[in-house]
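Colleague: Before we go through the packing, please put the model on screen.

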Amino acid sequence: MTAATGLTELLLSRIRDVADYPEPGVVFKDITPLLADPAAFTALTDALAEVARDTGATKVVGLEARGFILGAPVALRAGLGFVPVRKAGKLPGATLAQAYDLEYGSAEIEVHAEDLSAGDRVLVVDDVLATGGTAEASLTLIRRAGAEVAGLAVLMELGFLDGRARLEPALASAPLTALLTV
């Protein structure tokens, strides 16, 4: 068994399927058992920190809310700064905002204007890539702040939702790394 196969098996064994959540017909991928297991959480953090180092990132952005849980320890492990990207209205002080469309409606995310600047290479970290709307908005926000996108790294990509295809233009050749694809 290779190290990658071992990591995949470990991560998959700690992700629980919850049927009909948050609505009938949806199978929710619950990562809380993975977070509760120190060996699995450490392996996940190490794998994502390696992605950060490989991309030459100087900062890690975590997307609200599970991206905070994953991104902060990744930044710490890789020796980088951590910057939260939050829902609109949650950050004090001067912010940059980016609106984006959801399946039904729209949303907006923000970052502190001074937390990213020219010269920063930013790795975006999140738990799941679904349709890609939030991730796409974060890439736009990072560039508007004057920083460069080093890549996007997620624990899990829901391949059947085609988020990767939506993100390819926004990534502009920066890598998209998914440790798992389901």
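Modeller: Contact here means heavy atoms within 4.5 Å. This is a predicted model, so local features need pLDDT of at least 70 and side-chain atom pairs count only at pLDDT 80 or more, while totals for chains, interfaces and linings use all residues. Residues are numbered from 1 along each chain as its sequence is written, and side-chain values use heavy atoms, with hydrogens and water left out.

Colleague: Leaving aside neighbours within four places in sequence, which residues is Leu11 in contact with?

Modeller: Leu11 belongs to the largest nonpolar core and is listed with Leu44 and Leu155 as having the most contacts inside it. A nonpolar core is a set of buried Ala, Val, Leu, Ile, Met, Phe, Trp, Tyr and Cys residues joined through side-chain atoms within 4.5 Å; buried means under 20% relative accessible area, exposed over 50% and partly exposed in between (1.4 Å probe, protein chains only). With those sequence neighbours set aside, the partners of Leu11 are Leu34, Ala40, Leu44, Leu155, Leu179 and Leu180.

Colleague: How many residues does the largest nonpolar core have, and which element gives the most to this core?

Modeller: Helices (H or I, at least four residues) and strands (E, at least two) are DSSP runs, numbered from the N terminus. The largest nonpolar core has 28 residues. At least two residues each come from α1 (3-13), α3 (38-55), α4, β7 (121-129), β8 (148-157) and β9 (176-181). The top contributor, with seven residues, is α3.

Colleague: Why do the buried residues of α6 line one face of the helix?

Modeller: In α6 (residues 163-171), the buried residues are Gly163, Leu167, Ala170 and Leu171. On the other side of α6, Ala165, Glu168 and Pro169 are exposed. The arc is taken from the directions from the helix axis to the C-beta atoms. Down the axis of α6, the buried residues line one face because they fall within an arc of 90°.

Colleague: What covers the buried residues of α6?

Modeller: The cover is judged by the contact rule already given. It includes β7, α5 (133-144), β8 and β9.

Colleague: How many aromatic pairs does the count come to, and what is the angle between the planes of Tyr21 and Phe28?

Modeller: Rings of Phe, Tyr and Trp (its six-membered ring) pair if their centres lie within 6.5 Å; planes under 30 degrees apart count as stacked, over 60 as edge-to-face and the rest as tilted. The count by this rule is two aromatic pairs. Tyr21 and Phe28 form an edge-to-face pair, 5.2 Å centre to centre, with the planes at 80°.
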